[in-house]
Amino acid sequence: MALSFIFFAILAVLAIASAVTTIASKNPVASAISLIFHFFMLAGLYLTLQAQFLAVIQILIYAGAIMVLVVFVIMLLNLRKEESLKEKYNYRKTIAILLAAVFVVQVTAIIAIGPIISKANNLPAVNQGTIENIARELFTNYLVPFEAISLLLLTAIVGAVILAKRHIDV
Amino acid sequence: MLNTIPLEYYLVLSGIIFTIGCVGVLTRRNVIIIFMSIEMMLNAVNLTFVAFSAYSGTSAGQLFVMFIMAVAAAEAAVGLAIVLSLFRLKKTVYVDEVNLMKW
């Protein structure tokens, strides 16, 4: 039992547990905090895959920016706790969980019998996920998508401002 | 560097997380929790990209993850603005109480 496998197992179990508490808790703030924990666990999994820069970006963007935005909106809306509408929504929940279990079994079966064979692969050198390597790729081979993403972010900013304005004068 | 974890483990883990997010979208009524479940599904896909990138020895998957994160940030801004204006209009965030487009 290698050390990296123990790390992977701990991170995977914690990631699944925090994902379940995210969708299961009644209080939206508790949900948000579990999701932040989940994002930290995913950053750890990226580290086991030697994507150091992405692990940092994951924490900065997801656990930092996006979740702060979500918590702000929860605070602004002043939500009440979700009442359980058991008699009306029980059947829907049961069907969803059943279908989800079927889906997980299908995915596992496809991966188990599929053509992907990678028993203890030999990973390339450790510098694949460094800032230097990512930046070189980003500003040479992927320059056009990079600029397109900046346009998309500009559009999203304008759209968010227009949507959140109180009165829209057309 | 020798990694002793097979690629399939990452793929199955990603599938499980994606499915949990999917169940969240299907069963919850609070639109903010639905939104968080969508973020979780996006992250499961990101994990697949990073795993394939590491095991194929190219960094294209990691760059795709960066682009997905940018799209997710844009989606968060616009989606939460929609939630805010919806709350102003209907005074609720529960999706079954919103039937503006139902006729």
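## Domains of chain A

The domain assignment divides chain A into domain 1, covering 1–80, and domain 2, covering 130–170. In this predicted model, the C-alpha centres of domain 1 and domain 2 of chain A are 24 Å apart.

## The largest nonpolar core

The largest nonpolar core holds 65 residues, and the members that touch the most others are A:Tyr46, B:Ile17, B:Ile32, B:Val50 and B:Ala51. H2(B) contributes the most, with 14 residues. Because domain 1 (1–80) and domain 2 (130–170) of chain A both supply residues, this core lies between them. As general background, nonpolar side chains in soluble globular proteins tend to be buried together.

Apart from its neighbours within four places in sequence, B:Ile17 is in contact with A:Ala15, A:Ile16 and A:Ala19 of chain A, and with B:Met40 and B:Ala44 of chain B.

## The interface between the chains

Where the two chains meet, 72 residues of chain A are in contact with 61 residues of chain B. On the side of chain A that touches chain B, two or more residues come from each of H1, H2, H3, H4 (86–113), H5 (131–140) and H6. H3(A) gives the most to this side, namely eleven residues. Sorted by class, this side of chain A has 54 nonpolar, 13 polar and five charged residues.

## Two helix pairs across the interface

Two packed helices are described by the angle between their axes and the distance between the axes. For H2(A) and H2(B), the angle is about 5 degrees and the axes are 11 Å apart. Angles under 35 degrees count as roughly parallel, and H2(A) and H2(B) are therefore roughly parallel to each other. On the H2(A) side, the residues making the contact include A:Leu35, A:His38, A:Phe39 and A:Tyr46. On the H2(B) side they include B:Ile32, B:Met36, B:Asn43 and B:Val50. The contact of H2(A) with H2(B) comprises 13 nonpolar residues, three polar residues and no charged residues. Of the residues named here, A:Tyr46, B:Ile32 and B:Val50 are also among those that touch the most other members of the largest nonpolar core.

H3(A) and H3(B) likewise pack at an angle of about 5 degrees, with their axes 11 Å apart. This pair is therefore roughly parallel as well. Residues of H3(A) including A:Leu54, A:Ile61, A:Leu69 and A:Leu77 meet residues of H3(B) including B:Gln62, B:Met69, B:Leu80 and B:Phe87. By class, the contact of H3(A) with H3(B) has 20 nonpolar residues, one polar residue and no charged residues.

## Two residues with positive phi

A:Gln50 is not a glycine, yet its phi is positive, near 60 degrees. This residue is placed in the loop between H2 and H3 of chain A. A:Gln50 counts as buried because it has 22 C-beta neighbours inside 10 Å, and a residue is buried if 20 or more lie within that distance.

B:Lys91 is also not a glycine and has a positive phi, of about 55 degrees. B:Lys91 is found in the segment after H3 of chain B. With 9 C-beta neighbours inside 10 Å, B:Lys91 counts as exposed, since the cut-off for an exposed residue is 12 or fewer.

Definitions and conventions:
Residues numbered from 1 in each chain as written. Chains lettered and ligands numbered in written order. Predicted model: local features only at pLDDT ≥ 70, side-chain atom pairs only at ≥ 80, totals over all residues. Core = buried A, V, L, I, M, F, W, Y, C linked by C-beta atoms within 7 Å. Helix = DSSP H or I, 4+ residues; strand = E, 2+ residues; numbered from the N terminus. Domains from an automatic or database assignment. Contact = placed C-beta atoms within 7 Å. Nonpolar A, V, L, I, M, F, W, Y, C, P; charged D, E, K, R; others polar. Axes fitted to C-alpha atoms, helices over the stretch in contact; angles between N-to-C directions. Parallel < 35°, antiparallel > 145°, perpendicular 65-115°, else oblique.
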